[in-house]
Amino acid sequence: MKGRKCSPFPYKIMPLNEYAVTIELGDQIDEIIHQRVKRLNDALEERAFLGLVEIVMTYTTLTVFYDPTLIAKAGNEFPYSFVCSYIKDLIESLDDRSPTLPNLVEIPVCYGGEYGPDLDEVAKFHGLSLEEVIQIHSEPSYLVYMIGFAPGFPYLGGMSAEIATPRKHTPSLSIPIGSVGIAGSQTGIYPISTPGGWHIIGRTPLTLFDSKKSPPSLLQAGDRVRFRPISKEQYIQWKEGKR
Amino acid sequence: MSILVKHPGLFTTVQDQGRHGYQKFGVVVGGAMDLFAFRMSNLLVGNDQGEAGLEVTLRGPELEFLADTVIAICGGDLSPMLDSKHVPMWRPIYIRKGCVLHFGAIQTGCRAYIAIAGGIDVNHVLGSVSTYTRANLGGFKGRALQKGDILPLKEPFYTIEKYRQQFNLIKDSSVSISKFSLNHKVLPPYRNNPCVRFVRGRQYDDFSSEAKRRLVTSSYRVSSKSDRMGYRLEGPALMLQEPKEMISETILFGTIQVPPDGQPIILMADRQTTGGYPKIAQVIFVDLPILAQVKPGETLTLQEVSLQVAEQLYLKQEATLQFMQKRLRLYWETGVLINQK
């Protein structure tokens with residue numbers, strides 16, 4: 001099903017299965033497309049239909065999960081058709097106003113040393129000093145395009161190409177929780193301890209995922225993130241203060 | 001009220017219908033692999049269909065019941081026995097204190113579900129008790145059962161006296177089988193080397209015509225590298241028309257994705273929330289229980305259906321489960337059996 005002319009942006013609605021549809025809003029990683037995904041997400045959260053279960057944002061799509069039984073009980077013989085036309089009407093009622101201001105989250109990071117064992121390698125790879133790598137990494141505000149791969153793991157966009165570094169040849173067996181790394185042109189934070197091939201340049205004392213908190217994830221799709229360099233002492237103090 | 005784990009079996013976990021509402025935070029849905037058997041096992045003992053139960057994999061556990069209770073075992077037939085006597089599946093069973101449930105050889109399928117009146121009493125984590133062992137989340141201590149664990153049970157919906165009225169309890173017999181039984185027509189058509197139905201996946205059109213033909217004409221072997229997260233299939237390679245740069249998207253239980261080597265992977269209950277391989281097909285909801293009972297080494301064939309067909313099958317199965325719930329409630333309350341449709 002394709003969007004009509006009167007929608008504020010082009011879109012396609014496609015079924016995934018009996019209880020999920022995807023709305024495709026583009027085919028590349030792009031801030032404008034992300035903002036449309038976010039805008040539609042917020043509109044659907046505000047004006048949820050009976051039977052809506054959950055919504056998941058990705059780079060270019062929004063997936064809507066629903067309960068077909070509830071929708072059928074409300075008199076819709078084909079739940080998928082109902083959900084499609086609901087979303088279509090919603091999109092066409094949207095104006096092209098700018099999105100709400102994003103939530104800015106500051107993430108303290110202790111760069112280098114034992115917490116960032118691969119900082120030297122990244123610096124050498126680019127012929128930069130350690131301070132320059134830290135400066136370049138902590139300069140921009142990054143966009144959280146989506147959360148996925150692991151609980152609370154943010155897919156961040158906006159890292160400078162000056163420090164883009166290919167993955168390691170041999171992955172580390174265990175990357176500690178809170179590690180901040182670089183893989184290709186991506187940067188990310190590990191919310192859980194896991195094996196991985198990322199170059200680890202620092203570590204944050206913040207907890208990115210806590211199942212006892214609501215919401216359980218520190219970051220959400222649409223947030224902005226800035227890394228703030230801290231010393232090892234500050235890192236330790238932070239950790240102790242949290243305990 | 002509790003159960004003593006005398007032997008944990010190969011991989012026995014506490015499960016429910018999964019963790020819904022948290023996928024946007026990257027939280028895996030999880031839950032029972034065979035949701036039909038899981039839900040039905042709960043209904044048979046008078047529980048709500050989502051109460052915490054046990055998922056047993058291939059080699060069953062040995063469990064001692066420390067009080068009188070009612071259980072039901074559904075799904076794959078792993079030869080359940082009570083005090084060394086075979087007991088039927090898909091039936092409520094009254095168990096006396098001290099009775100031991102254990103399992104024998106695999107007859108059919110590979111996952112059995114044990115529901116106990118009241119359900120297992122464990123904390124909800126993000127709205128669910130399902131065990132996600134990879135992140136040590138939920139269930140009983142976030143892990144598979146171990147020898148010596150004691151699983152606390154919740155107070156059942158009906159009193160034990162109420163349950164007892166519907167069983168002909170014979171003195172000195174440790175076990176009694178309810179006269180309530182299911183018409184096997186309501187069960188998914190479980191079988192070895194099954195054919196499962198699918199609707200087209202998001203990137204179906206990006207695959208070569210040869211790949212589309214192979215998908216419905218070949219049989220695929222389920223590799224030994226298959227678990228609750230996904231089944232790796234081995235068979236004729238499914239290739240794209242041309243290489244495509246993919247951006248990560250949402251994936252579901254039953255999504256068939258294809259990595260560059262062309263060997264498909266079917267994503268199962270413990271899949272991640274998003275993935276970056278092209279998706280050729282999506283197994284329909286009512287056939288997921290059949291898939292959940294497939295063992296490594298078996299083969300699969302695939303058949304395409306329309307979304308409308310899949311949707312109507314989904315609604316029909318839900319209606320069946322609702323009817324069973326009513327039927328069982330009435331039975332436990334009054335002993336009256338109403339006819340199955």
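**View 1. Leu82(B) stands opposite Leu101(B), a residue of strand 9 of chain B.** This is a predicted model, in which local features need a pLDDT of at least 70, side-chain atom pairs count only at pLDDT 80 or more, and totals for chains, interfaces and linings use all residues. Residues are numbered from 1 along each chain as its sequence is written, and chains are lettered from A and ligands numbered from 1 in the order in which they are written. Strand 6 (residues 80-82) and strand 9 (residues 100-103) of chain B run antiparallel and are joined by 3 bridges; strands here are DSSP runs of E with at least two residues, helices are runs of H or I with at least four, and both are numbered from the N terminus. Two strands count as paired if DSSP finds at least two bridges between them. Both strands belong to an open sheet of 6 strands in chain B, with the order 7-6-9-4-1-11 and antiparallel pairing. Its edge strands, each pairing on one side only, are strand 7 (85-86) and strand 11 (150-152) of chain B.

**View 2. Strand 5 (residues 69-77) of chain B is mostly covered, with 9 of its 9 residues buried.** A residue is called buried if 20 or more other C-beta atoms lie within 10 Å of its own, exposed if 12 or fewer do, and partly exposed in between, with C-beta atoms placed from the backbone. Strand 5 of chain B pairs with strand 8 (residues 93-95) of chain B in the antiparallel sense over 3 bridges, and here Ile71(B) has Ile93(B) as its bridge partner. Strand 5 of chain B also runs antiparallel to strand 10 (residues 108-116) of chain B, to which 6 bridges join it, and in strand 10 the bridge partner of Gly75(B) is Ala112(B).

**View 3. Helix 5 (residues 130-138) of chain A has Val133(A), Ile134(A) and His137(A) as its buried residues.** Seen down the axis of helix 5 of chain A, these buried residues fall within an arc of 100°, so they line one face of the helix; the arc is that of the directions from the helix axis to the C-beta atoms. An α-helix has 3.6 residues a turn, so residues three or four places apart point the same way. Among the elements of chain A that cover the buried residues of helix 5 are helix 4 (119-126) and strand 13 (224-230).

**View 4. Thr22(A) has its place in strand 2 of chain A.** Thr22(A) counts as buried because it has 20 C-beta neighbours inside 10 Å. Leaving aside neighbours within four places in sequence, Thr22(A) is in contact with residues of both chains, including Met14(A), Thr63(A), Arg202(B) and Thr250(B); two residues are in contact if their C-beta atoms, placed from the backbone, lie within 7 Å. Thr22(A) and Lys12(A) are 10 residues apart in sequence, and their C-alpha atoms are 8.1 Å apart in space.

**View 5. Where chain A meets chain B, 38 residues of chain A are in contact with 33 residues of chain B.** Strand 3 of chain A gives the most to the side of chain A that touches chain B, with 5 residues. The residues of this side of chain A divide into 25 nonpolar, 11 polar and 2 charged, where Ala, Val, Leu, Ile, Met, Phe, Trp, Tyr, Cys and Pro count as nonpolar, Asp, Glu, Lys and Arg as charged, and the others, Gly among them, as polar. The predictor gives the complex an ipTM of 0.95 and a pTM of 0.93.
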